[in-house]
Amino acid sequence: MKKIFFGLLIPYITMILFCTPVQATDINHGENVFTANCSACHTGGNNVIMPEKTLQKDALSINQMNSVGAITYQVTNGKNAMPAFGGRLTDDDIEDVASFVLSQSEKRWN
């Protein structure tokens, strides 16, 4: 009985020690980050600098920006007229704002 107990206990402890929990994104926080950092150029999902590159679902798909990973990369590193926010925002801020953008593109920026 002790062998079975320890045989199950050791893998369980190992799993607890070496597995990191998946961090859930916070859409509400993402909205706050968006309002403070992105809304000057992207109000209502639009783009005042490059009007054809909106944050609407179809435009994100055309520009291969239709995943949290792609949006996170763009926000972190910038591209063309968009500045990089990697030095200004935390990784969590960027992931949250990317999740917010993607969720709003599904809703058509209501």
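Student: Where is Gly-44 placed in this predicted model?

Tutor: Gly-44 lies in the loop between α3 (39-42) and α4, where helices are DSSP runs of H or I with at least four residues, numbered from the N terminus. The model is predicted, with local features needing pLDDT of at least 70 and side-chain atom pairs counting only at pLDDT 80 or more, while totals for chains, interfaces and linings use all residues. Residues are numbered from 1 along each chain as its sequence is written, and side-chain values use heavy atoms, with hydrogens and water left out.

Student: Why is Gly-44 called partly exposed?

Tutor: Its relative accessible area is 38%, and the term covers what falls between buried (under 20%) and exposed (over 50%), with a 1.4 Å probe and protein chains only; therefore Gly-44 counts as partly exposed.

Student: How do you know whether Glu-106 and Lys-57 are exposed or partly exposed?

Tutor: The relative accessible area of Glu-106 is 51%, which makes Glu-106 exposed, whereas Lys-57, at 40%, counts as partly exposed.

Student: Why is α2 called roughly perpendicular to α6?

Tutor: Helix α2 (residues 27-37) and helix α6 (residues 91-107) pack at an angle of about 95°, and their axes are 7 Å apart. That angle makes the two roughly perpendicular, because the term is used from 65 to 115 degrees, with angles under 35 roughly parallel, over 145 roughly antiparallel and the rest oblique.

Student: Which residues make this contact?

Tutor: Contact means heavy atoms within 4.5 Å, and the residues involved include Ile-27, Val-33 and Phe-34 of α2, together with Val-97, Phe-100 and Val-101 of α6.

Student: What makes α6 mostly covered?

Tutor: Twelve of the 17 residues of α6 are buried, among them Ile-94, Ala-98 and Leu-102, and what covers the buried residues includes α2, α4 and α5 (68-77).

Methods: Axes are lines fitted to C-alpha atoms, for helices over the stretch in contact, and angles run from 0 to 180 degrees between N-to-C directions.
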